[in-house]
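Please look at the two chains together before reading the notes below. They go from the contact between the chains to parts of each chain.

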Amino acid sequence: MAVPAIELKNITKTFGHIVANHKVSLSVMKGEILALLGENGSGKTTLMNMISGIYYPDSGEILIDGEEAVIASPKDAFDYRIGMIHQHFKLVDIFTAAENIVLGLKEEGPFDLEKVSARVREISEQFGFEIDPKKKIYEMSVSEKQTVEIIKVLYRGADILILDEPTAVLTPQETQKLFAVLRRMKDAGKAIIIITHKLHEVLEISDKVAVLRKGEYIGTLVTAETNETELTEMMVGKKISLNIDRSEPKNRQERLVVKDLDIMNRDGIKVLDDVSFTAYSGEILGIAGIAGSGQRELLEAIAGLQNISEGDIFYHDPRTGKTEDLKDKTPLQIRELGVRLSFVPEDRLGMGLVGNMDIVDNMLLRSYRKGHSVFLQRGEPRSLAERIIKQLEVVTPSAATPVRRLSGGNVQKVLVGREIAAAPTVLMAAYPVRGLDINSSYTIYNLLNAQKESGVAVIFVGEDLDVLIELCDRILVIGSGQVTGIVDARTATKEEIGLLMVKSHKAAAAKETESRGGNHAENR
Amino acid sequence: MQKTDKTVREPLVHITKRPDMPLFPALLIRLCAILLALIICALIIFWLTGLNPLAVYKAMFEGSFSSTRKIWNFLQNTAMLLCIALAVTPAFRMRFWNLGAEGQVLVGGLASAAVMFYVRDSWPSWLLILVMLISALAAGIVWAGVPALFKANFGTNETLFTLMMNYVAIQLVTFFIAVWVPTGSGVLGVLNQQSQNGWLPAVFNQRYGLNVLIVGILTVVMFIYLRYSKHGYEISVVGESENTARYIGVNVKGVIIRTVVLSGAVAGLAGFLLMAGAAHTVTAELAGGNGFTAVLVSWLAKFNPLTMILTSMLIVFLQKGSGEIAQAFRLSSNISEIMTGIILFFIIGCEFFIRYRINFRKKAEEEK
Amino acid sequence: MFDTLASIIFSSVVQGIPLLFGATGEIITEKSGHLNLGIPGIMYVGGISGIVGGYLYEHFSTNPTAFLCIAIPLVSSLLGSGLMALIYSFLTVTLRANQNVTGLALTTFGTGVGNFLGGSLLNFFGESGSISLLTVSKYYKASFPFAEKLGPIGKIFFSYGFLAYLAVIIALLAHRFLKKTRAGLNLRAVGENPATADAAGINVTRYKYLATLIGGMIAGLGGLYFVMDYTGGTWTNNGFGDRGWLAIAIVIFALWRPAGAIFASIIFGGLYICAIFIPGLSSAQKELFKMTPYVVTIIVLVLTSIRNRRENQPPASLGLSYFREER
């Protein structure tokens, strides 16, 4: 029997108290595509980082061509002809594509970037990429950057390729192109691991599927012999009916009206394009979409943290009955208008909380301005901290413990608890249950529901469609920065939402540009 | 590309980040580092001079504490170093690397000297002192504020900017001395020697009394400001994460400028105290490198003003002590800089063992 | 007229050479992402080590040869500055200590070592007076014999000691190294984005060590040039002055380009001394001239940050330590 190109046996890796991988085993043959499937936070990326030498496993072994291998650094990984395409591109911004591609290589002969560029063009032609080797990375779009990453690995002639969520940033057309490349590489006898949480892609491209769940290895299946239901069950565990209590919205009133919103990112690319919707009091509005479709920018724009290029955000104040435009206002100005807006951001310790401060001081973040004294009033935040610890069952030695020492679920309870304590009229939560265990997740769902029932307009950005469907009243779907649909969560199906997520008004336009780009490349 | 020859083994050491080290072991590590440094210094002294290191350390102690005058000198030096360290601290807590304290102190001293030089005896002493103080603070604020403005608006690298400002300040001082002293001697000399107009009055019957008192009060005030005031809280939040600061509606640019201006003002005050309370003149060496040493004092104390009392004492003790050795054993007084350097290296280095854990390969698995 | 111009240029170059060594060394160091504020201290030690080596040789050798007169101070200078750089790299690379703090401590230490040895060297051998290494420095000061015959041209181009030419050659080589070689590309990647360099299979630690070490040794040669050529084998405590900081200023002024540092050093050197050549300046105005290099540097720093051209910025990871498993 043939020896696997790469085989992992009982790999375990911990970070402090967090077990990222526990006794994971899998193998890939030459000329085979293995899909590594798992939800966000199931330990896929950590596992692959150990193969590519970024992390070193605590225990377990890695075999390459049947022999035990020590991959202590990315250099070792290269020596074993392992190439990884990271989700977050590992490129030097001020270098050209060609410079990035040869970076770290020890080639024979003199160093000649012209020769490198020629070879890059050769590879591009062979696989149908479009790339200018002399273009600087900081001038490139996301998909161009990914192309550079892939060419980098091909240039090095890697035999084992790992792609971490490669399709997350790609349009459907680009994804198809990528898959075509992968098939060609597979035919050339390369072993390929593709990390993803998208089932249809798994079924389309892979030969085998290995499933991880919360750092545990669940099993490997032959793709041809399995189906979506089985994989889903392995990925999420027993098919649990979420049984989230959902009440009918009462006393629905317009609370937040977003109108024709456009947002440009730093590179001048539109991340939100003509977004309009209304959030009502007493309901949970879900926002679904592929990660990075503009959800973060939308919430940050409402919170006053993003510059808006076009459009308006109106807030109807339930107490005064007045309507305020939140456009071009700073977070402080928004608060001074009397808008009680709470926001649970995606980046909990990088934005919502300060990791090095204790729970009390993190409570202060929202309330420290209270009063005219130049000094901080820690009394109220202290009792708030203690109340949250008690009510939400936060596991912590004391209220004086730095937040960074708490586990993910407890961090989130502290953050959500604080935001709710501000008695908001609008509550925005971005991926509030990401990385949380089941119990903590339910705590969060219940909190959101309670807020809705007390008349708050809740906006919930989520990634798990089951949760969105069971928790929300309406679901707004974003695809590539545009609203592709707003559906009734009580009647919508997962498939329907999934289709809206990949749909884009721009799809046709993009195709057009692409063919033009192609012609352009041919003309050169 | 056959890898068969490669002996397969785990890496020898593997470094991981510690979750957190309790206070006591962390203190123990630091203490060990200082002890180790002192032993190495002792060896070097022994090697260079053949003297008994213990006798040398005893002499060092005497250098700071053997007479009332020495104790007050020690306190004055500590107070000045501490004051400059207090100046840089608010900026550091915000991760604004203000390496320009030397220059900020100098322009502070220069501004007060300028006032004294032009006014001489024509104003009453209290008015003169007040104007000197205000101009010193203003000078310090300008010197720190300019880099802060550019940092806040254009992201100009503050480390390099403030560093360069030091040398502009030094040249500015020599420039004014040259203007004021037409003979070209380059020495301004003590101002108002006769009248002592504009000199800080003696407190506790000591000429440095007021300096020590002011810095003592300032230390406590700074501690309270950083820990218990809203401003101090904003500084911490901006330092920890600008994103969080923006999220809670802090005007990040404003806080940067406000804090660095405070930093400059305190440095200006240090310049004023050095000028009006001690030297009564200005030279390019007024700060005597303390602007840089203060960076170390503040960093060693983890930016805690109260701990800084100890760290500044340690540094001054080393400086004074080695000066004493130099005299007693006819060594060059520059040995103090060498010893300070060695001790700093050890304290700087030992932080690694507090922040990281080193895992050695298990011996049993070494041979296959 | 020509003669005055020639001597102005000559003096500027002579002033500029120590700065050029320092700046080239610091550029190489900073390209690895390490802001070494210990460079002034390293240059001090580079100088005093050369003095010590030269002194010992002159003291113990009855019949000094030209080769050893040059080699011994050169090697001991490289050893001294290399050791200093090693302290810095061990603390900042391996122990990941704060670079600013380590650098400042190193400068304190280095100045102390320089002044201590400079002040006590003669005492150790029971001599008194001040250090003056006439034999050794003769070889360091030796220029092309035909320089004088060529008049002003000779003065401008051929009248320097060999270290001056070495400084220019090293700067040009460093420039070529950074721009045109594989290792240079790798080094720049380490300073820009160590995680990326690491993932590309570059041994980040080794590059950082080598860059800080070689950079420190190059900078140390600036100290050696100063004591052997500029001051003719003599040592004065603190005589080196603020030249180390000026070298750091040049790095900014030259936008991290060694070839640019050649011109920047000569210009700064000229600014440093040009007051002497302008007749009728008061001593105060001379001090203002000495201020100009720093003011100009600040203006360059500000302008580049306002223009925000990506290519002209400091290395992106400058001042940050790298730990692979950070998360």
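**From the interface to the parts**

In this predicted model, 22 residues of chain B are in contact with 29 residues of chain A, two residues being in contact if their C-beta atoms, placed from the backbone, lie within 7 Å. On the side of chain B that touches chain A, helix H8 (230–240) and helix H9 (242–247) of chain B each supply at least two residues. Helices (H or I, at least four residues) and strands (E, at least two) are DSSP runs, numbered from the N terminus. That side of chain B comprises nine nonpolar, six polar and seven charged residues. Here Ala, Val, Leu, Ile, Met, Phe, Trp, Tyr, Cys and Pro count as nonpolar, Asp, Glu, Lys and Arg as charged, and the others, Gly among them, as polar.

Residues are numbered from 1 along each chain as its sequence is written, with chains lettered from A and ligands numbered from 1 in the order in which they are written. Local features need pLDDT of at least 70 and side-chain atom pairs count only at pLDDT 80 or more, while totals for chains, interfaces and linings use all residues of the predicted model.

Chain A is divided into domain 1 (6–236), domain 2 (251–340 + 423–524) and domain 3 (355–422), with bounds from an automatic or database domain assignment. The centres of domain 1 and domain 2 of chain A, taken over C-alpha atoms, are 31 Å apart.

Also in chain A, strand S9 (residues 208–213) runs antiparallel to strand S10 (residues 216–222), and six bridges join them; strands pair if DSSP finds at least two bridges between them. A:Ala210 has A:Thr220 in S10(A) as its bridge partner. S9(A) and S10(A) form a hairpin with two residues between them, and A:Lys214 in the turn has a positive phi of about 50°.
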